[in-house]
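Please consult the sequence and the structure shown here alongside the points that come after.

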Amino acid sequence: FTLAVLLALGQASFVLGGTVEFAAERPEQPSLRWRTKVVTVALSSSLARPASNVKSGSDLIGAVRRSLKAWEELGAIEFREVFSDKQSVSPQGAAGDGINLITVAPTAENALLFAKNAEEIAATTRVFFDGRGRISEADVVLNPYQQFSSDGTFGTFDLESTLTHEIGHVLGLEHSPVRGSTMYENFGKNGV
């Protein structure tokens, strides 16, 4: 049975799990990092009232908190949560609004981030940083055109896996070439 599953996974098609959009030209050296070890993250009110692309009953805020905690346990970082009525990520440009937002709101601004490849990306992270590679802001948005769940529903993206990947981008990480790693650029939907 296990061999059959592994063979089936090898045949499965994968979509981009998430992308990272750098608001400025990414420097070759040094790597991106936060100035401080404590990063305040604003949980959008959209997480408490998710749109129809998040399966009813899914533990969205719990998935965010578990994803943040996973990165805290691995590195020397601490996330402080605040709540915000803000729905849309900062627009592209030299500087954001200073709020590190996690949102699922299907606003026009958020949907625009997925206009070119709505069927290929589960989420995206927009990172703002200075010329020395110091991150000043990072926003995460789930694709309003994709379906998500926290219970493994067939054909949906797993909320916690998607958010954990995107929070890796919040920390300045790029995609990993290691298949199956949290930061691997492609992953499948549940049951695919």
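The points below cover the overall fold, the surface and the salt bridges.

The model is predicted. Its chain is built from four helices and eleven strands, and 45% of its 192 residues are buried. Eight salt bridges are present in the structure.

**Fold and contacts**

- The secondary structure of the chain consists of eleven strands and four helices.
- Of the contacts between residues at least 6 apart in sequence, 71% join residues at least 24 apart.

**Burial and surface**

- Buried residues account for 45% of the chain, which has 192 residues.
- The chain has an accessible surface of about 9800 Å², and carbon and sulfur atoms contribute 54% of that area.

**Salt bridge between D151 and K55**

- One of the eight salt bridges pairs D151 with K55, with 2.6 Å between the closest N and O atoms.
- D151 is located in the loop between β9 (148-149) and β10 (157-158), while K55 is located in the loop between β4 (38-44) and α2 (60-74); the pair therefore ties together parts that are 96 residues apart in sequence.

**Salt bridge between D59 and R66**

- A salt bridge joins the side chains of D59 and R66, at an N to O distance of 3.2 Å.
- D59 is partly exposed, with 36% relative accessibility.
- For R66 the relative accessible area is 36%, so R66 is classed as partly exposed.

**Salt bridge between E78 and R80**

- The side chains of E78 and R80 form a salt bridge, in which N and O are 3.4 Å apart.
- E78 counts as partly exposed because its relative accessibility is 35%.
- R80, with a relative accessible area of 45%, is likewise partly exposed.

**Salt-bridge network**

- R35, D130 and R134 belong to one network, joined by salt bridges that share partners.

Methods
Residues numbered from 1 in each chain as written. Predicted model: local features only at pLDDT ≥ 70, side-chain atom pairs only at ≥ 80, totals over all residues. Heavy atoms only, no water. Helix = DSSP H or I, 4+ residues; strand = E, 2+ residues; numbered from the N terminus. Buried < 20%, exposed > 50% of the residue type's maximum accessible area, 1.4 Å probe, protein only. Contact = heavy atoms within 4.5 Å. Areas by Shrake-Rupley, 256 points an atom, 1.4 Å probe, with all protein chains shown as cover. Salt bridge = Lys/Arg side-chain N within 4 Å of Asp/Glu carboxyl O.
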